[in-house]
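I opened the model and kept notes as I went. Overall figures come before the local look-ups.

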Amino acid sequence: MANPLRRARASLIPLALLATAPAGASPNPEMARWRAEAARVTITRDTWGIPHVRGQSDADAVFGLIYAQAEDDFSRIEANYLTALGRSAEADGEEAIWADLRQRMFVDPAVLKAQYAACPTWLRTLMRAWADGLNYYLATHPQVKPKVLTRFEPWMALSFTEGSIGGDIERISLSDLRSFYDRPTPPTPEEMGAVPREPSGSNGIAIAPKLTRDGHALLLINPHTSFYFRSEAQMTSAEGLNAYGASTWGQFFIYQGFNAHAGWMHTSSTVDNVDEFAERVTAGKTGYVYRYGAAQRPVGSRVVTIRYRDADGRMAQRAFTIWHTHHGPIVAAKGGRWIATALMWKPVPALEQSYLRTKATDLASYLKVAERKANSSNDTLFADSKGEIAFLMPQFMPVRDSRFDYTRPVDGSDPATDWHGLHTLASLPSVLTPQTGWVHNTNDWPWSAAGADSPKAADYPRYMDQVGGNARGVHADLLLTGKSGWTPAGLRDAAFDSYLPAFARLVPELVKAWDELPADDPRRASLKEPVALLRGWDYRWSADSAATGLAVFWGDQLWREVGSFAQAERMNVPDYIAARVSAKDRLAALSVAVDRLTRDFGSWRTPWREINRFQRLDDAIAPHFDDGKGSAPVPFTSAQWGSLASFGARPWGTRRYYGTSGNSFVAVVEFGPRVKAMAVMAGGQSGDSASPHFADQIGRYAAGDLRPVYFYPEDLKGHVERSYHPGG
């Protein structure tokens, strides 16, 4: 049916009427409480600038952690909460309206406030400490000028509870959303897959004591996110909290990390638990109705008002009537049907689970927390000091009828397509303490998580995986299968192993295509030397390798050509190239790669180090780069080609490739009688370009040279830069 919605008109509102605090307000009456909280917190910055926060209570530790985060990069905290609250357009202008509208389909401030009031006392206490820490930071740093959020309220923490690089909501197409609620909008090249985009996700590996040299479980923590998406910290309290690791800016829990007894690493899962329902909507006597079985149900609605900054800097607003069925909000129209999206939206249980798992001390206590079933997008790799290891599927897993293909919109009018509660944890294809002695995940299917002890796809509904395997999974299998005597250093070396399985599969076919050219084909002469270079390559990246640069340029050219087709068929790009790209097109892409390298660098034999670079110029959130300014070479490549160490790089109007995503935090943890760890971050801890910790880890990052983690107070001795109370 035709879209019945008409475009809402913007109304300009004087900025003064939207101010959150009146001019000339009296001194803040909360300052005394904030100072008392600050007095119970000590922040110790080590020589890498990493905060070790100690509080008397968990709430004190939360206060201190978020204060320390604000010191390091308040702008990223604010940006994350503008996104989470659906208020980015107030800072970024009209183009952000659609992302805000998408968010506000689920985030209703009135509902979050009610949920906050009803949630357990202990959680309210933590959320209040979180808001207090941010507000105290702003009160003690008047030079910091927020774009929008001049005050934080405790309930706001419920808008951002999970921490993944791409939340479930981001699966909703903004182009489709705008087409439904505004005007026809074609999909962007990024949405179609026509622009190469680094695979988001992570690597995780856990190894049982029987395969390690010293009889201690090992854990690799290797998130692949946009750079500077998370900070590193330790938070401890007299109430048993002692967690170390990566925390997403603005959140008060360690998202990927460890405590003295257990560690957890989240990787983006391939499960299908975000579904679209095609609704049969018609106009009824009193409004829109949709068919459900033999009945007609009313389509629900509510008005959402989005404020935005117009081109003149004034504040304006648009009001939208958004529609929903029992499946979820209407986000698009396809084939004459309205499309409703169903996904997990459980803010209180999600925040509880995210926080409480940081205090789990073994697999049983971790699984007890997981019974909240409020983790929807993450697989988890787990290890503990008892020697237990595990691969855990997302616990939010709706039960569905496997007759239907939920990777496409299903018929919402058929009650059989509905979700029927959630799977039990025992019914998921998780792996607990496998005999193989190892588990891994690289954002691939669960069917290879533990070698021979992996779950079998035939035993589970097909919605447990919607993507399949990938080249990083092949790489991990090769490194782990049949190996023993693992040490922390050995696991670190595996995390930076240089083999590129995708090219080991694809390049021989390219060479074969050249070998089979007729003797008089001009490509035999023009591509002879490039093919010879690739023929002799060992399929390993290295800074000085010209073959690495040539292979990446060739692969990236094909990626641009076939990425949208691969996405449409839900195939990984290397798999699509192997199965669908002709010999002619493979050779044509090599010719383009040779020409590009020659044009941009003077020779197609350019060493990879001259191409692939890390550069951090300033504290801007949006990346930008300059070939004329300093940068550092990075030897590893995109994860697309099977490199476990991921560096998502491309030209940015530049000749050189500059990375913006991939390895963002890497840690190796050993769970002996005393936990030991080493780690490295992309760039550095601070977002302040004047700080010595803005870019002090770039060299270690590029070399895979992890630094010691100072977990115990005695470890910090001799490595302290500063110790202070918040506000001091």
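I took helices (H or I, at least four residues) and strands (E, at least two) as DSSP runs, numbered from the N terminus. On that basis the chain has 20 helices and 30 strands. This is a predicted model, so I note that local features need pLDDT of at least 70 and side-chain atom pairs pLDDT 80 or more, while totals for chains, interfaces and linings use all residues. Residue numbers run from 1 along each chain as its sequence is written, and side-chain values use heavy atoms, without hydrogens and water.

**Overall shape**

I looked up the radius of gyration, taken over C-alpha atoms; the globule rule is 2.2 Å times the number of residues to the power 0.38. For 728 residues a compact globule would come near 27 Å, and the chain has 26 Å, which agrees. The C-alpha trace spans about 85 × 75 × 55 Å along its principal axes.

I then checked burial (buried is under 20% relative accessible area, exposed over 50%, partly exposed in between; 1.4 Å probe, protein chains only). Of the 728 residues, 58% count as buried.

I counted two strands as paired if DSSP finds at least two bridges between them. Ten strands form an open sheet, in the order β21-β19-β18-β9-β8-β7-β6-β3-β2-β30, with mixed pairing. Its edge strands are β21 (431-432) and β30 (720-724), each pairing on one side only. Inside the sheet, β2 (41-46) and β3 (51-55) are antiparallel over five bridges. Isoleucine 43 has valine 53 in β3 as its bridge partner.

**Strand β26**

- β5 (217-226) is antiparallel to β26 over three bridges, and histidine 224 stands opposite asparagine 663.
- β23 (612-614) runs parallel to β26, joined by two bridges; asparagine 612 stands opposite tyrosine 657.
- β25 (647-650) is antiparallel to β26 over four bridges, with arginine 650 opposite tyrosine 658.

β25 and β26 form a hairpin with six residues between them. Glycine 653 in the turn has a positive phi of about 75 degrees.

**Tyrosine 499**

Last, I located tyrosine 499 in the loop between α12 (488-495) and α13 (501-515). Is tyrosine 499 buried or partly exposed? Its relative accessible area is 23%, so tyrosine 499 is partly exposed. I set contact as heavy atoms within 4.5 Å. Leaving out residues up to four places away in sequence, tyrosine 499 touches His475, Leu478, Ala504, Asp538, Tyr539, Arg540, Gly642 and Ser643. Aspartate 575 is 76 residues from tyrosine 499 in sequence and 17 Å away in space, C-alpha to C-alpha.
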